[in-house]
Amino acid sequence: MNARADDLAGAVFAALADPTRRRVLQALAERPGVTASTLAGELPVSRQAIVKHLTALREAGLAERERAGREAHYRLRPAPLTDAVAWMATTGAQWDDRLARLDRRLSAESPARR
Amino acid sequence: MELHDEQVVRREVVLPVDPETAWANLADAEGLEGWLADEVELDVRPGAEGTARWSDGTERHVVVDEVEAGRRLALCWWADGEDATLVDLTLDEHTDGTRLVVVEVPVRVVEAVGAGLPTGGSAARGPQLAAA
């Protein structure tokens, strides 16, 4: 199965469901190349937990890892966020259309109420 | 963990009819057809499987998750090869008629947060959803 936009959106939303993971993502956005140890010093969770969150973000395509000596540096990959936003926009527009159709049908059936 | 606004699509509309009339548009395939999709083949009862089609040629498989007659319909749908999403349609009385609230959220998100939909159902994890 190809990685389609909807699938990626699901993975991205799942990755963002955790508040600590959102803070990690924010840190990557603000400081490209940050390490897990640095993040563990700033956030109230263990380094091990930080590494787990970074792995989840990488699996969702939201972060990339670069090894430099003994330390791994992490960067944000924003493209999947754009896909997730696109899913929200498309799905929202579809519901706007559907609800408008339903409203038109019911308004036509009961003009007295409008 | 909870679902956050940025992870779900939520829409609402106040329909100019009483809840009973509004429900008739959710209660069966004939009611759903023409607004939810252009063609709907579905028994509106929990566990039933069907199809929704649109005039642009797109098609989604549909599984009914929960039905509270007169008030709520929760379903899961997906196009071939795509992630399933949950759709929750809830009716409430409103001074100007009946309020319909729609929430759509990817199944993967619901699983990740281990929660039901914010409109209050336990919509998440039936065996039929796991298969989807």
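This is a predicted model: local features need pLDDT of at least 70, side-chain atom pairs count only at pLDDT 80 or more; totals for chains, interfaces and linings use all residues.
Guide: Residues are numbered from 1 along each chain as its sequence is written, and chains are lettered from A in the order in which they are written.

Visitor: What makes residues 47-59 of chain A a helix, and how do you know that the span agrees?

Guide: Helices are DSSP runs of H or I with at least four residues, strands are runs of E with at least two, and both are numbered from the N terminus. Helix α4(A) has 13 residues and should span 18 Å, the expected span being 1.5 Å times one less than the number of residues. The end C-alpha atoms of α4(A) are 18 Å apart, so the span agrees.

Visitor: Which residues of α4(A) are called buried?

Guide: I50(A), H53(A), L54(A), A56(A) and L57(A). Buried means 20 or more other C-beta atoms within 10 Å of a residue's own, exposed means 12 or fewer, and partly exposed is in between, with C-beta atoms placed from the backbone.

Visitor: Why do you say the buried residues of α4(A) line one face?

Guide: Seen down the axis, they fall within an arc of 160°, so they line one face of the helix; the arc is that of the directions from the helix axis to the C-beta atoms. On the other side of α4(A), Q48(A) and E59(A) are exposed.

Visitor: How many residues make the contact between chains A and B?

Guide: Chain A gives 28 residues and chain B gives 24, contact meaning C-beta atoms, placed from the backbone, within 7 Å. On the side of chain A that touches chain B, α5(A) gives the most, with 13 residues.

Visitor: What makes β1 and β2 of chain B edge strands?

Guide: Two strands pair if DSSP finds at least two bridges between them. The open sheet of chain B has 7 strands in the order β1-β7-β6-β5-β4-β3-β2, with antiparallel pairing. β1(B) and β2(B) each pair on one side only, and they are its edge strands.

Visitor: How do you know that β5(B) and β6(B) pair?

Guide: They are joined by 6 bridges and run antiparallel, and the cut-off is at least two bridges, so they count as a pair. In β6(B), T85(B) stands opposite W77(B).

Conventions:
Two residues are in contact if their C-beta atoms, placed from the backbone, lie within 7 Å.
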